[in-house]
Amino acid sequence: MAETNKRPFQIQAINRRFVPFDSEKEKEWKGSFFFVQGADCQPGLTYQWSGKIRKTYTPDAPINWDVEIEATRAIIKKLNEMEPKPKFFIVCGDIVDAYDFEEPFRTRQEKDIKEVLAELDPSIPLVCVCGNHDVGDEPTRSSIQRYVDNFGDDYFDFYCSGVHCIVLNSQFYAHSANVEDLKSQHEQWLDRVLKDHSAKHTIIFQHIPWFLRTYDEDKDYFNIEINTRLQMLEKFHSSGVKKIFCGHYHRNAGGSYKSMEQIVTSAIGLQLGVDKSGVRLVRVTEDDIEHQYFATDDIPANFL
Ligand SMILES: [Fe+2]
């Protein structure tokens with residue numbers, strides 16, 4: 001069978017910057033555009049899921065993740081066919097399912113998902129955001145470094161056509177006991193980048209949502225503890241952030257904190273609700289940011 005222009009996966013977030021976008025040139029507003037947001041490819045979860053909890057990987061089980069690889073491939077094929085192309089495709093975490101100690105599955109999942117992500121048209125930059133499975137539920141220096149080595153920096157910011165995009169490592173807000181120094185560097189960096197109010201819009205991307213429906217809801221597995229949540233939401237709102245895009249929930253959800261909207265996007269991989277595998281298309285105009293979730297088959301060829 002003929003090989004079709006296979007190219008290797010390339011890390012794009014290095015030294016807290018996103019290589020494909022020139023940080024100075026992209027500060028200027030150049031007119032409306034759209035991008036695509038997805039989350040939770042999470043190859044392996046379908047097989048591991050037994051109804052309510054994720055099983056532990058057992059070395060001799062006949063585990064495979066073809067279903068998630070094919071779901072990711074189907075979306076990439078649709079995005080490659082779009083005209084005009086999206087400005088970027090951002091995957092908001094849980095790019096893999098196996099934790100770094102779940103070998104050999106983690107290594108195989110990294111290889112397989114990178115291979116399919118590399119099928120994205122080279123004119124569409126891929127932005128990777130780290131999830132709890134990518135850096136670990138209780139991240140350590142080495143579990144974060146493993147993610148950085150495979151997918152790029154765990155947090156960074158970039159400008160795209162006048163819009164400031166800030167990518168967070170949300171796991172620091174879930175469990176930071178092993179990496180307090182790294183979390184404090186993350187907070188110092190975040191405070192610095194939030195000071196820039198020159199952009200047309202400021203958007204945040206992260207894996208774990210602060211909340212699922214209402215900003216004062218109780219803590220559960222899928223959101224962040226309420227005191228940290230309220231403190232961070234207020235910080236973002238007072239810094240002029242308009243939207244926060246997340247994943248992790250494997251269902252579409254979201255709500256508002258004051259005038260700021262938080263959007264939770266369902267999974268590319270396993271669904272835990274009634275949604276179908278898909279992505280969110282986000283149209284950015286001078287005055288607004290509109291978004292709509294599409295199941296893979298329904299992704300339109302033109303979205304502008
Ligand atoms: Fe997750």
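**Exercise 1. The largest cavity**

Determine which strand gives the most to the lining of the largest cavity in this predicted model, and describe that lining.

*Solution.* Step 1: Strand β5, residues 126–129, gives the most to the lining, with three residues. Step 2: The lining consists of Phe9, Gln10, Gln12, Ala13, Phe18, Leu126, Val127, Cys128, Phe151 and Phe156. Leu126, Val127 and Cys128 in this list carry numbers that fall in the range of β5. Step 3: Sorted by class, the lining holds eight nonpolar, two polar and no charged residues. Step 4: The space in the largest cavity comes to about 40 Å³. The count of cavities of 30 Å³ or more is one.

**Exercise 2. The second largest pocket**

State how much space lies in the second largest pocket, and find which residues lie nearest its centre.

*Solution.* Step 1: The volume is about 250 Å³. Step 2: A set of 16 residues lines this pocket, and Leu45, Trp49, Arg54, His133 and Tyr221 are those nearest its centre. Step 3: By class, the lining divides into seven nonpolar, five polar and four charged residues.

**Exercise 3. The packing of α2 and α3**

Classify the relative orientation of helices α2 and α3 from their crossing angle, and describe the contact between them.

*Solution.* Step 1: The two axes cross at roughly 15° and come within 9 Å. Step 2: Angles under 35 degrees count as roughly parallel, and α2 is therefore roughly parallel to α3. Step 3: The handedness of the crossing is right-handed. Step 4: On the α2 side, the contact involves Ile69, Thr72, Arg73 and Ile76; these meet Asp112, Ile113, Val116 and Leu117 of α3. Step 5: The contact of α2 with α3 comprises five nonpolar, one polar and two charged residues.

**Exercise 4. The packing of α7 and α8**

Carry out the corresponding analysis for helices α7 and α8.

*Solution.* Step 1: Helix α7 spans residues 180–193 and helix α8 spans residues 226–238; their axes lie 11 Å apart, at an angle of about 25°. Step 2: The limit of 35 degrees applies again, so α7 and α8 are roughly parallel to each other. Step 3: The crossing of α7 past α8 is left-handed. Step 4: Glu187, Leu190 and Asp191 of α7 are in contact with Met232, Lys235 and Phe236 of α8. Step 5: This contact of α7 with α8 has three nonpolar, no polar and three charged residues.

Notes: Residues are numbered from 1 along each chain as its sequence is written. This is a predicted model: local features need pLDDT of at least 70, side-chain atom pairs count only at pLDDT 80 or more; totals for chains, interfaces and linings use all residues. Side-chain values use heavy atoms; hydrogens and water are left out. Axes are lines fitted to C-alpha atoms, for helices over the stretch in contact, and angles run from 0 to 180 degrees between N-to-C directions. Helices (H or I, at least four residues) and strands (E, at least two) are DSSP runs, numbered from the N terminus. Angles under 35 degrees count as roughly parallel, over 145 as roughly antiparallel, 65 to 115 as roughly perpendicular and the rest as oblique. A crossing is left-handed if the near helix is turned anticlockwise from the far one by less than a right angle, and right-handed if clockwise. Contact means heavy atoms within 4.5 Å. Ala, Val, Leu, Ile, Met, Phe, Trp, Tyr, Cys and Pro count as nonpolar, Asp, Glu, Lys and Arg as charged, and the others, Gly among them, as polar. On a 1 Å grid over the protein atoms alone, a cavity is a set of points where a 1.4 Å probe fits but cannot get out, and a pocket is an open set with protein on both sides within 12 Å along at least five of seven lines; lining residues have an atom within 4 Å of a point. Grid points are joined across faces, edges and corners, and a volume is the space filled by probe spheres set on the points.
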